[in-house]
Amino acid sequence: MDKSILDRVKVVMEHYGLTISSFADKIGVQRSSISHLLSGRNKPSLDFVMKLTNTYPEIDLYWLLHGKGEFPSTAPKDTSPTLEFYEDLSTPKNENKKAPEKKILEPLDKKVLRVMIFYTDGTFESFSEKN
């Protein structure tokens with residue numbers, strides 16, 4: 001039987017031996033919020049999910065939201081973005097050749113329209129070019 005996100009939140013609480021009060025204090029939400037979630041009155045917000053996964057990095061987000069994967073996660077959580085480099089895969093790898101060098105991406109007549117920064121508290125900022 002497929003469990004809901006609330007069932008998985010309960011699994012997390014049981015895993016750490018937390019009461020509703022201690023769980024709410026740990027992740028930084030009001031105790032009534034947890035009670036309302038667990039009773040089914042409210043659904044988890046993005047802010048709640050972010051606070052939960054930031055407090056407990058071993059909770060796999062995909063497991064929490066979809067129930068696929070494992071808890072606690074055994075895979076290391078990579079939090080560093082790596083968009084500035086790519087590998088040149090145009091030539092096949094050969095055992096005798098050295099590994100392809102990483103190249104810095106160069107813009108192709110592109111201009112940035114907007115930059116958005118998302119914070120762990122669920123807020124964000126948007127910056128755009130003003131004409």
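Is Tyr56 buried or exposed? Buried: its relative accessibility is 8%. Keep in mind that this is a predicted model. I'll start with the aromatic rings, then move to the helices.

Aromatic pairs, then. The whole structure has five of them. Take Tyr16 and Tyr56. Their rings are stacked.

Tyr16 is partly exposed, with a relative accessible area of 28%.

Tyr16 has another ring partner, Phe71. Here the centres are 6.3 Å apart. The planes meet at 70°, so this pair is edge-to-face. Again, distant parts of the chain are linked. Tyr16 belongs to helix 1, while Phe71 lies in the loop between helix 5 and strand 1, residues 85-87. The two are 55 residues apart. Phe71 is buried, at 16% relative accessible area.

Which residues do the ring pairs join into a cluster? Tyr16, Tyr56, Trp63 and Phe71.

On to the helices. Helix 2 runs over residues 20-27, and helix 4 over residues 46-55. They pack at an angle of about 85°. Their axes are 9 Å apart. Angles from 65 to 115 degrees count as roughly perpendicular, so helix 2 is roughly perpendicular to helix 4.

Who makes the contact? From helix 2, it is Phe23, Lys26 and Ile27. From helix 4, it is Phe48, Lys51, Leu52 and Thr55. By type, the residues of this contact are four nonpolar, one polar and two charged.

One more residue in helix 4: Thr53. Its relative accessible area is 5%, so Thr53 is buried. What lies 3.4 Å from a polar atom of the Thr53 side chain? The backbone oxygen of Met50.

To recap. Helix 2 and helix 4 pack at about 85°, and Thr53 of helix 4 is buried.

How values were computed:
Residues numbered from 1 in each chain as written. Predicted model: local features only at pLDDT ≥ 70, side-chain atom pairs only at ≥ 80, totals over all residues. Heavy atoms only, no water. Axes fitted to C-alpha atoms, helices over the stretch in contact; angles between N-to-C directions. Helix = DSSP H or I, 4+ residues; strand = E, 2+ residues; numbered from the N terminus. Parallel < 35°, antiparallel > 145°, perpendicular 65-115°, else oblique. Contact = heavy atoms within 4.5 Å. Nonpolar A, V, L, I, M, F, W, Y, C, P; charged D, E, K, R; others polar. Buried < 20%, exposed > 50% of the residue type's maximum accessible area, 1.4 Å probe, protein only. Polar contact = N/O pair within 3.5 Å; in protein donor to acceptor, adjacent residues only side chain to side chain. Phe/Tyr/Trp six-rings, centres within 6.5 Å; stacked < 30°, edge-to-face > 60°.
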